[in-house]
Amino acid sequence: MDFEPYRRELLAHCYRMLGTPDEAEDVVQETYLRALKAYDRFEGRASVRTWLFRIATNACLTALEQRARRPLPSGLGASATDPDAPPTPAEPGDAWPRPIPDALITPESADPAAIAVARDGVRLALIAGLQLLPPRQRAVLILREVLAFPAAEVAEMLGTTVPAVKSTLQRARARLDTGAPGGALAEPAQVALLERYMSAFTTSDLAALEQLLREDAVIEPVPSRSWFAGKRTCVAFLRHVIGAPGDWRMTPTRANGHPAAATWHRGEPFGLAVLTPGTGGIARITVFGFPDLVERFAGAPANRTVTPG
């Protein structure tokens, strides 16, 4: 049996559940192994796709029993009030979500609608919100709202009842708020916004960065427990990190359905900046300060590297 046609959507599903691409890849492999071993007992009462999602979902739930949740800084408390103070460092037990390259989860089809749906299903706001839900609420919401499985199939997947699925979904909806910030931008506008962001950062043009931010902009530097809300506070924070022209080098890519920039600082890999564009400018900048992300994302489809010139 060939399970490969399901890989991308299974990977996206496990990523929504777990919050990191590496763990999601591991669970997809585990799903394939379990499916191969059990295939002779597959009775065909459900489709192969439904059967695989059942295996993957339960494997994710087992994995989640053994580790802490992975919120972004905004899921840990109120925004910082003093942008001039050093960000509060992460604590030893903190775990963080990781971004995923669009190329891993978008369909190979050139259908723009299919690509848009795939990207929307891994938006950072959605992934961050899901990590705050209890695992079974997370599973039900993803299976029902993102993947549109019928309640009866979800109940069978999770070994529960249809009323329990409906009740769990209501609780999950009440806790989750992942609305798009002020309207989504078409991809050409997103690319243009990213280009302006990279140019401003690499030339140390704080005034240009300020023009790009919405009044309600947010910056979340990960790994850190601090985050900053409001244009004035964000600009004050950026003043401490923008440095001199040439300190930063960036190359464009895409992560979680968003425009993003793989980033080097003074010649060394730094991490990934993921932009959430909205009407009127950049609504959120999530900065993942993990150097290993540069290699993962710098090889993804990109337009060009931006350096000051």
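Helices (H or I, at least four residues) and strands (E, at least two) are DSSP runs, numbered from the N terminus, and the stops below use those names. The model is a predicted one, in which local features need pLDDT of at least 70 and side-chain atom pairs count only at pLDDT 80 or more, while totals for chains, interfaces and linings use all residues. Residues are numbered from 1 along each chain as its sequence is written, and side-chain values use heavy atoms, with hydrogens and water left out.

**Stop 1: helix α7 and its surroundings**

Select residues 135–146, which form helix α7. This helix has 12 residues and reaches 15 Å from its first C-alpha to its last, close to the 16 Å expected at 1.5 Å a residue, where the expected span is 1.5 Å times one less than the number of residues. Within α7, colour Gln 137, Arg 138, Ala 139, Val 140, Leu 141, Ile 142 and Leu 143, which are buried; buried means under 20% relative accessible area, exposed over 50%, and partly exposed in between, with a 1.4 Å probe and protein chains only.

Now keep α7 and select α9, residues 162–175. Two packed helices are described by the angle between their axes and the distance between the axes. Here the angle is about 95° and the axes are 9 Å apart, the axes being lines fitted to C-alpha atoms, for helices over the stretch in contact, and the angles running from 0 to 180 degrees between N-to-C directions. The two helices α7 and α9 are therefore roughly perpendicular to each other, a term for angles of 65 to 115 degrees, whereas under 35 counts as roughly parallel, over 145 as roughly antiparallel and the rest as oblique.

Show side chains at this crossing: Arg 136, Gln 137, Val 140, Leu 141, Arg 144 and Glu 145 of α7 meet Val 165, Thr 168, Leu 169, Arg 171, Ala 172, Arg 173 and Arg 175 of α9, with contact meaning heavy atoms within 4.5 Å. By class, this contact has five nonpolar, two polar and six charged residues; Ala, Val, Leu, Ile, Met, Phe, Trp, Tyr, Cys and Pro count as nonpolar, Asp, Glu, Lys and Arg as charged, and the others, Gly among them, as polar.

**Stop 2**

**Stop 3: salt bridges**

A salt bridge here is a side-chain nitrogen of Lys or Arg within 4 Å of a carboxyl oxygen of Asp or Glu, and by this rule the count comes to 20 salt bridges. Select Glu 9 and Arg 49, whose closest N and O atoms are 3.0 Å apart. Glu 9 lies in helix α1 and Arg 49 in helix α3, so the pair ties together parts that are 40 residues apart in sequence. Glu 9 is partly exposed at 28% relative accessible area, and Arg 49 is partly exposed at 25%.

Next select Arg 54 and Glu 156, a salt bridge with its closest N and O atoms 4.0 Å apart. Because Arg 54 lies in helix α3 and Glu 156 in helix α8, this pair ties together parts that are 102 residues apart in sequence.

Move on to Asp 120 and Arg 123, whose side chains meet in a salt bridge of 2.8 Å, N to O. Asp 120 is partly exposed, with a relative accessible area of 43%, whereas Arg 123 is buried, at 18%. Then select Asp 102, Arg 119, Glu 187 and Arg 254, which salt bridges with shared partners join into one network.

**Stop 4: a cis bond and the loops of the strands**

Most residues other than glycine have a negative phi, and most peptide bonds are trans. Select Val 222 and Pro 223, where the peptide bond from Val 222 to Pro 223 is cis, with omega near 5°. Pro 223 lies in the loop between β1 (213–222) and β2 (228–229).

Not counting residues up to four places away in sequence, Gly 289 touches Val 222, Pro 223 and Phe 270. The C-alpha atoms of Gly 289 and Ser 224 are separated by 9.2 Å, although these residues are 65 residues apart along the chain.

Finish at Asn 256, in the loop between β3 (248–255) and β4 (258–265). Is Asn 256 buried or exposed? At 0% relative accessibility, Asn 256 counts as buried, and Asn 256 has a positive phi of about 55° although it is not a glycine.
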